[in-house]
Amino acid sequence: MSNTSTKVGHPLFTKGPSTVARTAAGRQLLPAARRGLGELTAGLDAARRIGSGAAAQHVADRMPPGLAAPASTPRSRSMSSGTGRTRGDTSKAPGSMT
């Protein structure tokens with residue numbers, strides 16, 4: 001049995017003297033395997049485009065509305081300082097002596 005057949009627990013193909021045919025388990029697995037390989041290929045292509053600097057579209061542009069803020073939204077000075085406090089927060093920073 002092949003590695004995939006072992007993981008499934010059933011043969012995926014039957015082998016005859018001159019033919020190879022998918023079993024019911026093999027027929028069931030094939031569409032999911034094709035989708036998975038398609039997703040993997042698309043992910044690899046996207047990573048290559050980003051790595052080469054050719055990707056013009058930001059990841060946030062493909063996120064559902066409400067999950068990503070526009071890239072041009074400025075952050076408040078207190079948030080970008082790394083303190084973790086927001087504007088108007090008057091509590092002392094952790095470890096502060098004052």
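By the criterion applied to this predicted model, the count of salt bridges comes to one. The pair concerned is Asp 45 and Arg 48, whose side chains meet with a nitrogen-to-oxygen separation of 3.3 Å. Because Asp 45 and Arg 48 are three residues apart in helix α2, about one helical turn separates them. The two partners can also be described by their accessibility: Asp 45 counts as partly exposed, at 32% relative accessibility, while Arg 48 has a relative accessible area of 55% and is therefore exposed.

Helix α2, which covers residues 24–52, also holds Leu 44. Together with Leu 37 and Leu 40, Leu 44 forms a nonpolar patch on the surface, and the accessible area of the three leucines together is about 290 Å². Leu 44 itself has a relative accessibility of 40%, and so it counts as partly exposed. For the chain as a whole, the accessible surface comes to about 8,400 Å², with 58% of this area belonging to carbon and sulfur atoms. Of the 98 residues in the chain, 5% count as buried.

The secondary structure consists of three helices and two strands, which follow one another along the sequence in the pattern α-β-β-α-α. Among contacts between residues at least 6 apart in sequence, 3% join residues that are at least 24 apart.

When neighbours within four places in sequence are set aside, Ser 5 is in contact with His 10, Pro 11 and Leu 12.

Thr 23 is placed in the loop between β2 and α2, and with a relative accessible area of 16% it is classed as buried. In contrast to the buried Thr 23, Phe 13 counts as partly exposed, at 45% relative accessibility. Leaving aside neighbours within four places in sequence, the contacts of Phe 13 are with Val 20, Ala 21, Arg 22 and Thr 23. Phe 13 and Ala 24, which are 11 residues apart in sequence, have C-alpha atoms 8.7 Å apart in space.

The mean pLDDT is 74, and 52% of the residues reach 70 or more. Among the elements of the chain, strand β2 (residues 20–22) has the highest mean pLDDT, at 95, whereas helix α3 (residues 77–80) has the lowest, at 48. Over residues 76–81 the pLDDT is below 50, and in the model this stretch has 10 contacts beyond near neighbours in sequence.

Terms used: Residues are numbered from 1 along each chain as its sequence is written. This is a predicted model: local features need pLDDT of at least 70, side-chain atom pairs count only at pLDDT 80 or more; totals for chains, interfaces and linings use all residues. Side-chain values use heavy atoms; hydrogens and water are left out. Patches are made of residues with over 30% relative accessible area and no salt bridge: like charges are joined within 9 Å, nonpolar side chains (Val, Leu, Ile, Met, Phe, Trp, Tyr) within 5 Å. Accessible areas come from the Shrake-Rupley method with a 1.4 Å probe; for residues, only the protein chains shown count as cover. A salt bridge is a side-chain nitrogen of Lys or Arg within 4 Å of a carboxyl oxygen of Asp or Glu. Helices (H or I, at least four residues) and strands (E, at least two) are DSSP runs, numbered from the N terminus. Buried means under 20% relative accessible area, exposed over 50%, partly exposed in between (1.4 Å probe, protein chains only). pLDDT is the predictor's confidence in each residue, from 0 to 100. Contact means heavy atoms within 4.5 Å.
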